[in-house]
Amino acid sequence: MVKKKVKTKTRKRPSRARKSIVQKIRTYLGENRFKLGVVFVVSSLLYVIYLDYVVRSQFEGKRWALPAHVYANPVELYQGLPLSVNQFESLLADLRFQNVSRPSAAGMYRRSGDTFTVKTRAFTFWDAAESAQTLNIQFSENKVASILDLSNQQTLPILRLEPVRVGSFYPSHKEERVLVKIDEVPQTLIDGLIAIEDRDFYEHYGVSLKGIARALLTNLQAGKVVQGGSTLTQQLVKNFFLTSERSLWRKAKEAVMSLILEIRYEKDEILEAYLNEVFLGQDGVRSINGFGMASVFYFNQPLASLKPHQVALMVGLVKGPSYYNPRRNPNRAQERRNLVLEEMVKLELLPEEQQRIALSHGLDVSPLKRLNNSRFPAYLDLVKRQLARDYQEEDLTSEGLNIFSTLDYSIQTTAERLFKKTMDALVKDYGVKKGVLQGAMVITRREGGEIVAVIGDRNPPFNGFNRALDAIRPIGSLVKPAVYLTALEDSSNYTLITPIEDAEVSLMQFSGELWEPKNYDELVHGIVPLHSALTHSYNLATVKLGMDINVSKVKRTLERLGVNRPIKPYPSLLLGSLALPPIEVTQMYQTFAGEGFLTPLRSIQSVTSNEHERLQRYPLTVRQTVKPSAVYLTNTIMQEVMTKGTGRSAYQRLSPTLNLAGKTGTTDELRDSWFAGFSGDYLAVVWLGRDDNKPFKFTGASGALQVWSAVMGAIAKEPLQLTPPDDIEFVTVDESGLLADESCSNAVQYPFIKGSAPTEKSPCRGGLGKWLNRIFND
C-alpha cells in the first residue's frame with residue numbers, strides 16, 4: 001500500500017523583533033527586580049494605610065450610634081385653653097410620664113379629679129431652655145383653669161411642655177434602627193452566632209484558615225452547605241464597608257480590612273457592630289438591619305425577651321434572609337433553626353433539655369410586620385424626605401440631631417381619631433367591604449404652609465405605604481379651580497358672570513377615539529354664568545371654557561400653583577386626569593389659600609445639633625406666582641361651592657360663619673373621592689379610594705367631604721375673611737349681567753377686577769326701576 005502523505009501544519013516561529021522585545025522585558029525585570037519589589041511594597045503599604053483610614057473614619061463615626069430625634073411642636077398651656085382632663089392625661093402618656101401616688105422625680109404626675117400635680121422635665125428647645133418645674137394644673141369645664149408653680153406659689157401665664165417625640169431615625173440612612181448594646185443581648189444569640197457562623201471568633205485575627213478548612217469539611221460530610229468560611233469580622237466588613245461585588249480583589253480587600261479591624265478594636269466592639277449591622281430581611285423598600293430591628297419585625301418583641309427557639313431562628317437567617325424567610329418559606333426556616341440548635345448542643349452552648357423545649361415550638365413568627373418606632377409614622381416619613389430638601393447633607397451626618405417639626409399634637413391626634421371614626425361610619429352606612437377602603441389626609445396652617453398633621457392609612461398608626469405622600473391618583477374636579485383661575489386672569493374676556501355654554505362636547509383624541517365627557521347628573525344646562533359652572537362642577541362648561549382659553553395655559557397655571565410633575569396638556573386635563581398624591585394637591589391649594597403666593601409646605605421648624613447649636617437651613621422662598629385679584633375671584637366661587645354647590649353638606653357639621661372655601665373631586669366610575677378646602681386658620685385635603693383602583697360608592701361630596709367636615713369641625717376656629725386686592729371693585733348687576741343698583745329686584749353684588757365690570761345699564765336702575773317694582777310687587 002502506498003501511504004498517503006499527511007500534511008502537517010508548521011508552527012510559525014516568533015519573529016526576531018518579538019523575540020527581541022521579550023528578551024528586553026526579561027532583562028529589565030531581572031536587573032530591576034529589587035526596585036520593583038520596593039515599589040510594590042511601598043504601594044501596598046500606602047494602600048493598607050488608606051484602608052486603615054477608611055476603617056477608622058467609618059467605624060469610629062458609628063453612624064448608627066446616636067439617632068436623630070424628631071419632635072412635635074410643643075404644647076403650650078395657658079388659662080382658658082380648650083383641653084379636657086382626658087386629653088391632657090393622654091398627652092402625658094405620650095410624653096411617657098408616670099402616674100404615681102406621690103410624684104418624686106421629673107416625668108411623674110398625680111391626678112386627683114380635675115387637678116394634676118406634675119413634675120416636668122428640663123428640655124432644651126431650639127430657641128430657649130426650659131427648666132424642670134413642679135406644678136399644680138387645674139381644669140374646669142374642659143378648659144385649663146390655672147397653672148400654679150408650687151416652688152414659689154406663683155401663677156404661670158403660660159407653660160411650654162416638652163414636645164412629644166414623633167420618632168427617631170438615622171439621617172445618613174433615612175431609616176430607623178433598633179440598636180442593641182452587647183450587654184443587653186441574650187447570651188443564646190451570641191452563642192448561636194459563634195456556633196454556626198464563627199467558632200474561632202475570639203481566637204482569630206479577622207481571617208480564620210482553620211475555620212475555612214473546618215467549614216469545607218463539615219459541608220462535605222453533610223452533603224450541603226451547613227457552615228460558612230467567612231468570619232463574623234469579614235461579614236461585618238462586607239456589610240459595613242464594601243459592595244456585594246464578587247471578585248478575588250474584593251476578597252483580598254475584605255481580608256486586609258478585617259485584619260485592620262481586629263487590630264484596632266476589641267472583640268466585643270466588633271461583635272456589637274455586627275449585631276446592629278447584619279442584614280436579616282426586607283420589608284418593601286426598607287432593609288431589616290440588626291437583630292434589634294429583626295426581633296420587632298419577626299416577633300413584635302424586644303430582643304431581650306426572645307426565647308431560644310426564636311433566637312435560633314434569627315441566627316439561621318444570617319445565611320440567607322430571603323431563602324430562609326419564615327413567612328414565605330416556613331419549612332426551610334424551621335429546618336435551619338433546628339440545625340442552629342443542634343450545633344449549639346454539640347458545642348455544649350445549649351443544654352439538651354432546652355433544645356428539646358425549643359424544638360417543640362413552632363416558628364412563632366408574628367403575622368404582622370410591626371416596625372413602628374414612631375408615634376406618627378406618616379408624619380415622620382415626611383420629615384425624612386424634607387430634611388434633605390431643607391438642610392445641607394454634610395450637616396446631617398452629625399450624631400444626635402434634634403429635629404423640631406411643625407406637627408401639632410392636638411390637631412394630629414384629633415384628626416386621627418375623627419378620620420378613623422368617620423371612615424368606619426362610611427363603610428358601615430354604604431355597605432363597603434371592611435378593609436378595602438383606604439384614605440389619606442394632610443392639614444396645614446393657612447398662613448405659612450406649616451404641615452400640622454399627616455395621615456397615610458385608614459389605620460393612622462400603621463407604618464407602611466404612606467398614601468398621603470405616595471398614592472398618586474387622578475384629582476378629578478379638584479383641577480377645575482385652576483381652569484377658572486386661568487380664565488379670570490384674562491379679565492378683559494372673563495368675569496364671574498361671563499356666560500359659559502354647558503353643551504355636549506365631542507373631541508377627537510390622538511388615539512383616534514372620540515372623547516365625549518358628560519356632566520355628573522348627565523344633563524345639559526345650557527348657558528350658565530361662569531361662577532355657577534364651577535359652583536356646581538359642570539364638566540361640559542369647564543371643557544368648553546378650557547378649550548377656549550387653551551389647555552396649555554391651564555397647564556402653566558397648575559405649575560404656577562406649585563405642581564412640579566410633568567403635565568400633559570390634553571383636553572382630559574380639564575376634568576382632572578392629572579394624577580397627584582394628597583401632599584401635592586395640598587401644595588396646589590395652599591397657593592389658593594395664600595391668595596396667590598406660592599409657599600413651600602414645610603414640616604421642619606428647626607434642627608439643632610447634639611450640642612443644641614442651630615443648623616443653618618436652605619432659604620424657603622415665598623413668591624407671588626398668580627395674580628391675587630384672579631385668586632380672590634376664584635376663592636369667592638369656592639366659598640359659593642360651600643353654600644350652594646357640591647360642598648354645601650359641610651355646613652351640617654360646621655358653622656356657616658366660618659365662610660369656608662373648598663372643592664369636591666370625583667374621578668371616573670367613582671374610583672377616587674377628594675375634597676380640598678380651607679377656613680381662616682387651616683387648609684385640609686382628604687382622599688378616599690381603593691389601593692386596587694377599583695370603583696367604590698363615594699363621590700367627593702359623599703365620601704371625602706364627610707371626613708373633611710368631621711375633622712375641620714373640631715379644629716377650625718377662625719372664619720375665612722378674604723382680603724380684596726386694590727384692583728378689585730364690587731359692582732351690582734341684575735340677572736342679565738347688566739349694571740344695576742339696589743332698586744333692582746334680584747340684583748346681586750359681585751367682585752370684578754377694575755375695568756372688567758359691565759357698563760351697560762339695566763332698565764331697572766333709578767326711579768323707573770323703583771316705580772316698576774312697586775307696580776309689580778303690589
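Start with the whole chain and its contacts, where contact means heavy atoms within 4.5 Å. Among contacts between residues at least 6 apart in sequence, 68% join residues at least 24 apart. This is a predicted model, in which local features need pLDDT of at least 70 and side-chain atom pairs count only at pLDDT 80 or more, while totals for chains, interfaces and linings use all residues. Residues are numbered from 1 along each chain as its sequence is written, and side-chain values use heavy atoms, with hydrogens and water left out.

**The whole chain**

Switch to a cartoon view. The protein chain has 22 helices and 31 strands; these are DSSP runs numbered from the N terminus, with helices (H or I) of at least four residues and strands (E) of at least two. Now show the surface. The accessible surface comes to about 38,900 Å², and 51% of that belongs to carbon and sulfur atoms. Such areas come from the Shrake-Rupley method with a 1.4 Å probe, and for residues only the protein chains shown count as cover. Of the 778 residues, 52% are buried. Here buried means under 20% relative accessible area, exposed means over 50%, and partly exposed lies in between (1.4 Å probe, protein chains only).

**The largest pocket**

Next, select Leu 81, Pro 82, Asp 408, Ser 410 and Ile 411, which lie nearest the centre of the largest pocket among its 30 lining residues. The elements that give two or more residues to this lining are β2 (76–78), α2 (85–94), α13 (409–430) and α21 (700–715). Colour α13 first: with seven residues, it gives the most to the lining. The volume of the pocket is about 1,100 Å³.

A pocket is an open set of points on a 1 Å grid over the protein atoms alone, with protein on both sides within 12 Å along at least five of seven lines; a cavity is a set of points where a 1.4 Å probe fits but cannot get out, and lining residues have an atom within 4 Å of a point. Grid points are joined across faces, edges and corners, and a volume is the space filled by probe spheres set on the points.

Where does the largest pocket lie? Domain 2 (80–156) and domain 4 (373–472 + 582–623 + 658–723) both give residues to the lining, so the pocket lies between them. These bounds come from an automatic or database domain assignment. Colour the lining by class and you will find 12 nonpolar, seven polar and 11 charged residues. Ala, Val, Leu, Ile, Met, Phe, Trp, Tyr, Cys and Pro count as nonpolar, Asp, Glu, Lys and Arg as charged, and the others, Gly among them, as polar.

The whole structure holds three cavities of 30 Å³ or more.

Now zoom in on Thr 120, in the loop between β5 (115–119) and β6 (123–124). Is Thr 120 buried or exposed? Thr 120 is buried, because its relative accessible area is 8%. Leaving aside neighbours within four places in sequence, its contacts include Phe 97, Ala 106, Ser 131 and Leu 161.

**Further stops along the chain**

Select Asp 395, in the loop between α12 (377–390) and β15 (402–408). Asp 395 is partly exposed, at 23% relative accessible area. Not counting residues up to four places away in sequence, Asp 395 touches Leu 401, Leu 615 and Gln 616. Asp 395 and Gln 616 are 221 residues apart in sequence, yet their C-alpha atoms are 8.6 Å apart.

Move on to Ser 537, in the loop between α16 (530–535) and α17 (539–549). Its phi is near 55°, a positive value in a residue other than glycine, and Ser 537 is buried at 12%. Then try His 612, between β25 (604–608) and β26 (623–624). Phi of His 612 is near 70°, and this residue is partly exposed, with a relative accessible area of 41%.

Finish at Pro 695, in the loop between β29 (682–690) and α21. Pro 695 is partly exposed, at 35%. Its C-alpha is separated by 5.2 Å from that of Leu 670, 25 residues away along the chain.
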